[in-house]
Amino acid sequence: MKIPQRIKILDYMRKYGSITHLEAQYDIGCARLAARIGELREQGYAIGTRMKTVKNRYGGTSNIAEYYLIEEDNNA
């Protein structure tokens with residue numbers, strides 16, 4: 001039985017605290033993280049978004065979204 005990406009994303013956030021698009025793509029194989037997060041929110045999960053600045057391969061910076069479960073976030 002195939003595990004839905006939404007469940008994998010929830011498990012990942014519970015285990016590691018948050019998830020970014022790159023983590024979802026490499027670790028879960030999910031290319032549309034924002035869509036899956038939207039589905040989880042529609043199902044009633046409280047998921048927050050914070051912007052994270054990361055260095056890119058050209059020496060500059062890029063902003064990416066980082067998603068986390070609000071009820072399990074100790075920094076809120």
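This report walks through the helices, the sheet and the core of a predicted model.

Three of them make an open sheet, arranged in the order 1-3-2 with antiparallel pairing. Strand 1 and strand 2 sit at the edges and have a single partner strand each, so one side of each has no neighbour in the sheet.

How many bridges join strand 2 to strand 3? There are 9 bridges, and the two strands run antiparallel. Along this pairing you can find Lys-55 opposite Thr-61 of strand 3. Strand 2 and strand 3 also make a hairpin, with 5 residues between them. Look in the turn for Gly-59, which has a positive phi of about 90 degrees.

Strand 1 is joined to strand 3 by 2 bridges, and these strands run antiparallel too. Thr-20 has Glu-66, in strand 3, as its bridge partner. Helix 3 packs on the sheet and touches strand 1, strand 2 and strand 3. The direction of helix 3 makes about 160 degrees with that of strand 2.

## Helix 1

Now turn to helix 1, which covers residues 5-16. After the helix comes Gly-17, with a positive phi near 95 degrees.

Which residues of helix 1 are buried? They are Ile-9, Leu-10, Tyr-12 and Met-13. These residues cover an arc of only 160 degrees around the axis, which means that they lie on the same side of helix 1. Among the elements that cover them are helix 2 (21-28), helix 3 (33-42) and strand 1 (19-20), and strand 2 (47-55) and strand 3 (61-69) are also included.

Helix 1 lies across strand 1, strand 2 and strand 3. Its angle to strand 3 is about 95 degrees.

## The nonpolar core

The largest nonpolar core has 14 residues. Those that touch the most other members are Ile-9, Met-13, Ile-19, Leu-33, Ile-37, Ile-47 and Tyr-67. Helix 1, helix 2, helix 3 and strand 3 are the elements that give two or more residues to this core. Which element gives the most? Helix 1 does, with 4 residues.

Leaving aside residues up to four places away in sequence, Ile-9 touches Ile-19, Ile-28, Cys-30, Leu-33, Arg-36, Ile-37 and Leu-40.

Notes: Residues numbered from 1 in each chain as written. Predicted model: local features only at pLDDT ≥ 70, side-chain atom pairs only at ≥ 80, totals over all residues. Heavy atoms only, no water. Expected span 1.5 Å × (residues − 1). Buried < 20%, exposed > 50% of the residue type's maximum accessible area, 1.4 Å probe, protein only. Arc of directions from axis to C-beta. Contact = heavy atoms within 4.5 Å. Pairing = 2+ DSSP bridges. Core = buried A, V, L, I, M, F, W, Y, C linked by side-chain atoms within 4.5 Å. Axes fitted to C-alpha atoms, helices over the stretch in contact; angles between N-to-C directions.
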